[in-house]
Each structure stands twice: as structure tokens, then as C-alpha cells.
Amino acid sequence: MRALVRLWELIIERFHLKEFLEHPVPRYANLNPLYWIGDVAAMSLFVLAITGFALALLYTPGLSLTKTPPDPLMPGHHGKEVYDATQSYSSVYKITYLTPLGFILRQIHLWSAYTMVFAVFAHFFTKFILGSYKRRGGGALWLLGVSLGFLTINQTVLGYILPLHLDGILAIQIGLNLFRYFDYFGIPVGQLVLSALGSLFVTDQVIKMIYVLHILVVPAIMFVLLGLKINGILYGGVSPPPIKDEELRRKAMEEKEPFYPHRFALTVGQLLLQLSVILLLVAMTPLPLLEPWVPGQQVPAGVRPPWPVMWYYTYVKMIDPFISVGLPIFLVLFALVVPLLDRKGGVSIEERWIWVTVAIVYIAIIGYGTVLGFLVDVPKELTPLTRISVPPDYSVPYIGTPQAVGP
Amino acid sequence: MVDENRRNVLKFFIGSSVALSFGALTTPLVGSVINAKALALKGEYSSVEVVLCENVDNCPEENSVPISELRQGPKFVLLKKGNMAIPAVFGLVKAKDGKEYPAAYNTVCTHFGCPVNPQGGKYLTGFGCPCHGSFFNICNDPKGCPVDEEECAENPDECKRWPFLEAYVSGGPAPRPLRPIKVAVKGDKVYAVKAYI
């Protein structure tokens, strides 16, 4: 025991960790769970990296067709010997149902991803309402945070594509065609995608590219940004409390305690709780592997996206595409410039009521779309927004001369 | 001084990115209000043209479907060219003049890119998108199908019409007809010659 204590002290001394570990943290931030949500997202990222490493070893990207054995958990699998599925799907099938602990590994990866997305949204809204971009160096932290949030959603979609189940195929098809609305106005996005990926429909090359992006490129950028963010927080401190009274606020900010062991213990506790919740979710609501899809197969009507993008689905379905396609880009870009616009006044909620309202509008847009997407089957034209349609003469006649065959 | 410089550079970066993104966002909106056709480049169908074969004699067999098979119903073919894959549905369209016309369409929905499902039984009558509920009807009238039924009822000679075999939008959010694939018949087979993706 004594030797361990000595070793710990030696590590702290030789790696010059004392200053880092014992940096002062305000007491209010340690006690208020609103200041921990970012930690939840960061911890999920590490869980995802660890489980993702194991999954990446077992997964093979590819579109060539292989056989999948019938699965008693899947509807309609009785009586048939084997099922055709893509190589990607088969390898995920093997991970899920034929590898020891593979099911749990994949479940932890999925539920950590959902936890991370949820935490990212919650963290964004909390910091928006608290106005934490007003702290020292807060603008840069806000920029890093919004970029990380954007990359998180990207990662979710990329990861959703990889098994190439039915919904994954739909996700990649939407991803490849999402920005093609620029094609109508002479910006050749279609050709750009084509030159980058070689195809506008999923092929071996495209799925390999997505695999590399998902396991290497995007996580690398995310870890760099996360490092910058932690550095920025060490420099600028945690966000100030939203108290109007200057005296009280200063007092709250001056009451500090060292990160280690005070906050460190809380963080460890939070991580353990988070892992337990994830394991509970895995045990109570395991997410089965969705049904396979091979090109040309009929897609059942009424397919829905997973909840992180459900709000987008709702708006895209009910509003004219020329308006609704750009909604997420608009939300992200506007979020980026918020620190430049909200400069006057204090940090309290009374003084920043306009920006708190804007934050609530953000929550409302995403929340309303999500709830509506789950509750109702959105009719085709729900809103009376003007329909911006491409003029009919813009589409030229069916190419070629029709040739009749037979009688 | 240094701080001033940094502030200017930051202002430049942020200003130009905001301007660029704002421009990128408003281009479709403004463009659709102004005459979109005048702004568009010469890209027909606002799509990329892919020539699968120069003429029907040198088309690869894998991009073809026997007519006898099409008589059983529409058939899906994954057209290949190099690394490129194009999902296509071939089918016979029963026209109002009583003849059967082979036709093929790129089955990527023009709204958001989902794969569309062919509709109708033995003959191809249209496509439905499972994601956001767009419907595409194939015009089966060799004289063209009315864009607006009421307008054509009043003035049958001068109303706008969809051309024959065009897979025009009959419902849902899709902005434009499905991208077509040019087919040619040689012997008892239908070959894909040119595709728009």
C-alpha cells in the first residue's frame, strides 16, 4: 500500500502533474450537475473509442453478396435456409450474433453513441442558456464546441451507414444526394461527389471511404479539438454562474477547491454511473440489428430515421425541400456567430433574455420536430409554405426516341 | 499592434466565412425566385450525364435485360461503369396507343436520394419513395400528359404537358421528375445506353 502511494507520488512528480491535477475549480461548478454534461459526452467518446477499436477489427466493409444464416430474432426468417446480404451486413451479423460478447460490445457502442449525442445536445442547450461563451476565451471554446457537436452528428450518421442495413443504405443515399440541390443553380455538387467518391450510389469504394472516415479521420479531428477544448477550459475556467448580483457572483467564483481529489472523485463517480446506465440500457432495451438490404430490393414504406435526426426528417418531409434542406446548416452557422452577436450586458438570465429565448427556439425546433416525427405520420403538405418547384420546362423530354416492342 | 492585427485577421476570416456560407445558403432560395434556368449551367436535367456505351452494338451484356423478362414485370439492374454504380429499373410501359414501350429510370429519388420502389404489376406505371412519400407517374400518353388537368381541360392545345415516358412528380415533396436512362432495343434485349445520375 505504501509502495503504491510512493509510486503515485513519483508519477505526479516526474510527469509534472501537480499543477494540472490540482488546478482550482469553483465549488458551484463541482456541485451543479448542469456543469457535468460535457464530461458525459467526453467520457462517451472514450468508451466509443475503446469499443470501436474492437469492432473495427471484426468489421469488413464491402458490398459483395454473402450468405447470412437465418436468425430466429428476425421476422420472416422461418423456413428459409440462408439470406443474401452484403459483406458489411454479414460481418456485423457475425459480430452481433456469432462472436462471444460481440452483441454486448456492439450494444455498448450503440448506446454510448446515443448517450453522447444526447449529452452533446443537452450540453449545447445548457451552455447556450448559461451564456458560457462570455467567459475568458469563451468564444474559441464555443467555436470548438459547435464544431465538435457537428462532428458528433456526422460520426453518428457514418456509423449508422456502416452495417449497410436497410436504414443505413437510406442514410448513405440521402448523404450522397443531400447537397445536390445546388446542382439546380449551376453549382455542380453532383460532379464533385462523383469525382471524390467515384459513384453516386453505394459501391465498395464508397463504403471503404466511409469506414476510414468513421474510424480514423473524424475521430482524429475530434480528439484534437477535444484537447484544445480542455486546454481552453484550463485557461479560461468554467463558465461563470448566471447571477446578476456582481458581489455574489464574484464570491461564488472565488470559492474554489482543487480538481484532484474533489472534482476528480465526482468525475469518476459520474463515469461509473454513466457506464451502469449504459449497461442497464443494453440489458433492458437491446437494439437488434436491422434487416438487411441488397440493391434493388423493395424498401418498405414508412421507414423512419433514428431519433438524433428525426427532427430533420419531419421538416424535410413537410416543408419544401428548397427551404428545409439547409435547416441544419443554418442552425449550425447561426450558433457559430452567437458569441459575436451577444456581447453586451452581463451573464445572468435576466440580462440575456433575448438569447435565452433564442436557445429555447433552438430546443423548440429540434424538440417539436422530434416529437412530431415519432407521433404522427407527417402528411405530405402540412405547412402552407409556398412551394418552390422547379419550372416544368427545366426538365427536358425523356431522352431517346421511344421504341415500341411486341404487338 | 499585434492584438489589432490578430483582431483584423479574425474579422476577415469570420466575415468571409459568414459571407460565403450566407451566400451558399441563400443561393438556392434566391435562385429559385429568380429564373433558375438562366442561372443554371448547361447540365441537362441538373444531373451528370454518363455514357454507358456509344451505341447499342457495343453495349455490355450486363447492362441489358431480355424483353421476355420485362414482360414478367419491372426488373432492377445495377448498371456498372468502372467504379461507378447506377441503380436502374427497367420496365415495359403500356401506352395509351396500346403499344408496349421499354423504358428505364435511375431509381434515386430526386427529393432526398432514397431508392424508389416501382409501382404497378406487369407494366411499369410509376415509382413511390418510401422515405418522404414522393410519387412519380410515368406519362403513358404519346401526346404528352397534362401538367395541370384543369388548364388542359379548358385549353387542350396550348397547355403545358409532360413528355411521353417522363416520370413526373404526382405527389410529395420531390422537386423534379426522376432521372431517366436512355434505352435501345437490339434483338430481343433492352440495353441501357446513356444515364443521368
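These notes cover some helices of chain A and the domains of chain B in a predicted model.

1. At 1.5 Å a residue, its 13 residues should span 18 Å, and the C-alpha atoms at its ends are 18 Å apart, so the two figures agree.

2. The number of buried residues among the 13 of α1(A) is 0, so this helix lies largely in the open. Just after α1(A), A:H16 has a positive phi of about 50°.

3. Helix α4 (residues 37–58) and helix α6 (residues 102–130), both of chain A, have axes that come within 8 Å and cross at roughly 155°. Angles over 145 degrees count as roughly antiparallel, and α4(A) and α6(A) are therefore roughly antiparallel to each other. The crossing of α4(A) past α6(A) is left-handed.

4. As for the residues in the contact of α4(A) with α6(A), 15 are nonpolar, 9 are polar and 1 is charged.

5. Helix α6(A) also packs with helix α7 of chain A, residues 138–161; the angle is about 155° and the axes are 10 Å apart. By the angle, α6(A) and α7(A) are therefore roughly antiparallel to each other. Here α6(A) passes α7(A) in a left-handed crossing.

6. In chain B, domain 1 takes in residues 2–39 and domain 2 takes in residues 44–196. Taken over C-alpha atoms, the centres of domain 1 and domain 2 of chain B are separated by 39 Å.

Terms used
Residues are numbered from 1 along each chain as its sequence is written. Chains are lettered from A and ligands numbered from 1 in the order in which they are written. This is a predicted model: local features need pLDDT of at least 70, side-chain atom pairs count only at pLDDT 80 or more; totals for chains, interfaces and linings use all residues. Axes are lines fitted to C-alpha atoms, for helices over the stretch in contact, and angles run from 0 to 180 degrees between N-to-C directions. Helices (H or I, at least four residues) and strands (E, at least two) are DSSP runs, numbered from the N terminus. Angles under 35 degrees count as roughly parallel, over 145 as roughly antiparallel, 65 to 115 as roughly perpendicular and the rest as oblique. A crossing is left-handed if the near helix is turned anticlockwise from the far one by less than a right angle, and right-handed if clockwise. Ala, Val, Leu, Ile, Met, Phe, Trp, Tyr, Cys and Pro count as nonpolar, Asp, Glu, Lys and Arg as charged, and the others, Gly among them, as polar. The expected span of a helix is 1.5 Å times one less than its number of residues. A residue is buried if 20 or more other C-beta atoms lie within 10 Å of its own, exposed if 12 or fewer, and partly exposed in between; C-beta atoms are placed from the backbone. Domain bounds come from an automatic or database domain assignment.
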